[in-house]
Amino acid sequence: MNRRSGLSARLKLTLSYAGLVLVTGAVLLAVVWLFLLRYVPDNSQGLLGVSPNRFLLSRIFGRAAALAMAFLLVFGLVGGWLLAGRMLAPLAQITSAARMAGQGSLSHRIRMEGRQDEFRELADAFDTMLEQLESHVGEQQRFAANASHELRTPLAISQTLLDLARKDPTRHQDALFARLRAVNRRAIDLTEALLLLSRSDRGTFVRGSVDLSLVAEEAAETLLGLAEQRGVTLDVTGAAARTSGSAELLLRMVTNLVQNAVVHNLPVGGAVTVHTETQQDASVLRVENTGLPVSPDLVPTLTEPFQRGTERVRTDEHAGVGLGLAIVHSVARAHDGTLDLVARPAGGLVVTVRLPGTP
């Protein structure tokens with residue numbers, strides 16, 4: 001933004017300090033004149049014929065006052081300039097760090113030393129902002145790289161299948177079309193998941209009253225066929241748990257959780273329990289499933305986009321795109337809630353979502 005040049009903050013402070021010193025000196029001299037010299041007799045002999053009269057003292061006092069004011073002016077300007085420079089030195093460090101951040105260097109930190117004051121507090125807040133911004137930018141870069149890789153895979157497969165069909169026209173067309181359809185379906189699912197993740201991250205949705213127990217029942221009813229196909233028992237328990245948010249996003253969140261719980265389960269005799277309840281001022285949704293043991297080191301990475309634990313990767317039609325729990329985390333965060341994942345000792349996960357409750 002183009003601005004007209006003006007006085008620097010240091011010069012303004014210097015003039016302010018000098019002006020304050022001059023005004024203070026002038027007030028002191030005025031007080032001396034009003035309360036001292038005015039009581040000196042104004043005659044040719046002075047007081048008792050031996051003291052100087054007012055005229056003589058005024059000439060002496062005026063000359064000394066002029067010298068004192070000149071000294072105060074120089075002292076105020078020089079001292080004010082040095083003092084303003086010392087006071088504004090931390091601000092110069094913050095400005096330098098801001099310029100470096102504006103040029104793309106987010107790794108720089110001010111780390112201002114000294115006791116706590118307003119400038120140190122500002123510097124610490126700026127360092128915290130840079131740290132969060134660097135983390136966010138790094139996360140976005142990794143996300144973009146992973147998304148590009150994931151989108152490139154189905155496109156590359158489609159191109160390979162088309163090249164094979166062109167080179168071998170006698171190839172079975174039905175199998176080719178089925179494979180192309182599956183690959184295309186996966187690309188569409190990935191694109192829709194990316195759009196949903198972006199929408200939940202922006203928080204651009206209309207809020208309304210939503211009962212998590214009804215959402216859980218709807219998600220369970222939708223996935224009941226998948227659970228029966230895999231021999232997984234699916235139960236929904238608990239009471240009403242109302243919150244404020246987007247019914248569509250919350251349904252997608254619960255559906256992702258239940259689908260993950262069904263897919264990543266025991267081959268035989270698996271179980272999934274969906275429970276809703278109200279705890280103080282929070283509405284709680286808990287999804288617990290049986291399954292293979294999950295490493296505690298793996299649990300924190302499951303909510304990252306495109307991060308699939310080795311033990312949890314599937315190769316069937318429900319392999320997913322690696323965004324299920326990332327979407328859950330994003331939706332919970334967009335609704336001012338929290339997501340907690342805990343590995344069960346016997347295998348499987350306990351996923352708990354806490355959202356602000358409403359009456």
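Colleague: Is the crossing of α5 and α7 left-handed or right-handed?

Modeller: The α5 and α7 crossing is right-handed. Bear in mind that this is a predicted model.

Colleague: Thanks! At what angle do α5 and α7 pack?

Modeller: Helix α5 (residues 212–222) and helix α7 (residues 247–263) pack at about 55°, and their axes are 9 Å apart. That angle makes α5 and α7 oblique to each other.

Colleague: Changing topic, how many salt bridges does the structure hold?

Modeller: There are 4 salt bridges. One of them joins Asp336 and Arg207, with the closest N and O atoms 4.0 Å apart. Asp336 sits in the loop between α8 and β6, and Arg207 in the loop between α4 and β1, so this pair ties together parts 129 residues apart in sequence.

Colleague: Is Asp336 buried or exposed?

Modeller: Asp336 counts as exposed, at 57% relative accessibility, while Arg207 is partly exposed at 40%.

Colleague: And what does Arg344 pair with?

Modeller: Arg344 forms a salt bridge with Glu288, and their closest N and O atoms are 2.9 Å apart. Here too distant parts of the chain are linked: Arg344 is in the loop between β6 and β7, Glu288 in strand β5, 56 residues apart.

Colleague: Good to know. Which residues make the nonpolar surface patch?

Modeller: Leu7, Leu15, Leu73, Val74, Leu77, Val78, Trp81 and Leu82 make a patch of about 710 Å². Helix α2 (residues 54–102) gives the largest share, 6 residues.

Colleague: Where is Leu7, then?

Modeller: Leu7 lies in the segment before α1. With 49% relative accessibility, Leu7 counts as partly exposed.

Key:
Residues numbered from 1 in each chain as written. Predicted model: local features only at pLDDT ≥ 70, side-chain atom pairs only at ≥ 80, totals over all residues. Heavy atoms only, no water. Patch = residues over 30% accessible without salt bridge, like charges linked within 9 Å, V, L, I, M, F, W, Y side chains within 5 Å. Areas by Shrake-Rupley, 256 points an atom, 1.4 Å probe, with all protein chains shown as cover. Salt bridge = Lys/Arg side-chain N within 4 Å of Asp/Glu carboxyl O. Helix = DSSP H or I, 4+ residues; strand = E, 2+ residues; numbered from the N terminus. Buried < 20%, exposed > 50% of the residue type's maximum accessible area, 1.4 Å probe, protein only. Axes fitted to C-alpha atoms, helices over the stretch in contact; angles between N-to-C directions. Parallel < 35°, antiparallel > 145°, perpendicular 65-115°, else oblique. Left-handed = near helix turned anticlockwise from the far one by under 90°.
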